[in-house]
Amino acid sequence: MRLWLLLTLSCSLIGVAHATPVEPEKPPGPPSVAYLSLIIDDLGQNPVRDHRALMLPGPVTLAVMPDTPHAADFAREAHRAGKTVILHMPMDPATGPFAWHPELPLAELEKRLNAALLAVPYAVGINNHMGSRMTAEPQAMTWLVAELQRRHLFLLDSRTSANTVAAAEAQRIGLASLSRDIFLDDERTTAAITAQFEAAIKLAHKQGSVVMIGHPYPMTLDVLERELPRLKAQGIKWIDLRRMISVRGNQATAAHGKNGIYR
């Protein structure tokens, strides 16, 4: 009996010694797929630069200003080329006949939005041109997102101010929307724009997606023409802005909110 107990104990110890160790849980790594969307703002002013933006090799979204001499013609050309066209809506501190200002009544805001959409045919959404004051106005943004939902248009919050409530109001009613992460060319030098593009790539890998806005400046287009063909080799999938809305599912990124809810 004593011998049997000794043999049993020895076998148990051997089994413990050779048991497969339990692997500790690994922290989640970076997203397996990184997506990028690109918007070019301020189009409709210069046919040469506009055409160069149109010829960028991929699903670029083209944001056309309504108070420019070539707005309608360029919007039609972009639509024929299969590009996504959005209205680049002027908002305070922007000026001009279409611009929204906090002191204007809602009836006037509606009149200006209607006129702007007529000036930019085929627009499937809007983003704000300037707008640091206007996008911080809850009443106007509440009206705007409801109106866009009624018209089946989406909203891109350019986030020209940390005080914007546009994306938060859109999220509250379930309007298809998203927010800009990176401005490429606040500083108009090739080195600075290249650095911002590289920052966008890193951010896409970190959070799974990035939305970046640039302008049809010659140096911006130089950088984009050079760098966009390299996206695939860097593990980036360049997608249309409407698909990016689906990818993000109306959720705020960490920079813009907490637990997916806009601040």
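Figure 1. Of the 263 residues in the protein chain, 49% are buried, where buried means under 20% relative accessible area, exposed means over 50%, and partly exposed lies in between, as found with a 1.4 Å probe on protein chains only. The model is predicted, so local features need pLDDT of at least 70 and side-chain atom pairs count only at pLDDT 80 or more, whereas totals for chains, interfaces and linings use all residues. Residues are numbered from 1 along each chain as its sequence is written, and side-chain values use heavy atoms, with hydrogens and water left out. The protein chain holds 9 helices and 11 strands, which are DSSP runs numbered from the N terminus (helices are H or I with at least four residues, strands are E with at least two). Among the contacts with a separation of 6 or more, 70% join residues 24 or more positions apart, a contact being heavy atoms within 4.5 Å.

**Figure 2. Close-up of Arg159 and its surroundings.** Arg159 is found in the loop that links strand 5 (154-157) to helix 6 (166-173), and it counts as buried because its relative accessibility is 13%. Leaving aside residues up to four places away in sequence, Arg159 touches Asn128, Thr164, Ala167, Ser179, Arg180, Phe183, His256 and Tyr262. With Ser179, the side chain of Arg159 also forms a polar contact of 3.3 Å; such a contact is a pair of N or O atoms within 3.5 Å, and within protein one must be able to donate a hydrogen and the other to accept it, while residues adjacent in sequence count only if both atoms are side-chain atoms.

Figure 3. Most residues other than glycine have a negative phi, and most peptide bonds are trans. The phi of Arg159, however, is positive, near 55°, and the phi of Asp42 is also positive, near 65°. Asp42 belongs to strand 1 (residues 34-43) and, with 13% relative accessibility, counts as buried. The peptide bond from Asp92 to Pro93 is cis, its omega being near 20°, and Pro93 lies in the loop between strand 3 (84-91) and helix 4 (106-119).

**Figure 4. Helix 2 beside helix 3.** The axes of helix 2 (residues 47-54) and helix 3 (residues 71-80) come within 11 Å and cross at roughly 20°, where axes are lines fitted to C-alpha atoms, for helices over the stretch in contact, and angles run from 0 to 180 degrees between N-to-C directions. Helix 2 is therefore roughly parallel to helix 3, since angles under 35 degrees count as roughly parallel, over 145 as roughly antiparallel, 65 to 115 as roughly perpendicular and the rest as oblique. In this contact, Asp50, His51 and Leu54 of helix 2 meet Phe74, Glu77 and Ala78 of helix 3. In the loop between helix 3 and strand 3 lies Gly82, which is exposed, with a relative accessible area of 62%; Gly82 and Leu54 are 28 residues apart in sequence and 10.0 Å apart in space, C-alpha to C-alpha.

**Figure 5. Helix 4 packed against helix 5.** Helix 4 and helix 5 (residues 138-151) pack at an angle of about 40°, with their axes 11 Å apart, and they are therefore oblique to each other. Helix 4 contributes Leu106, Leu109, Glu110, Leu113, Asn114 and Leu117 to the contact, and helix 5 contributes Gln139, Ala140, Trp143, Leu144, Glu147 and Arg151.
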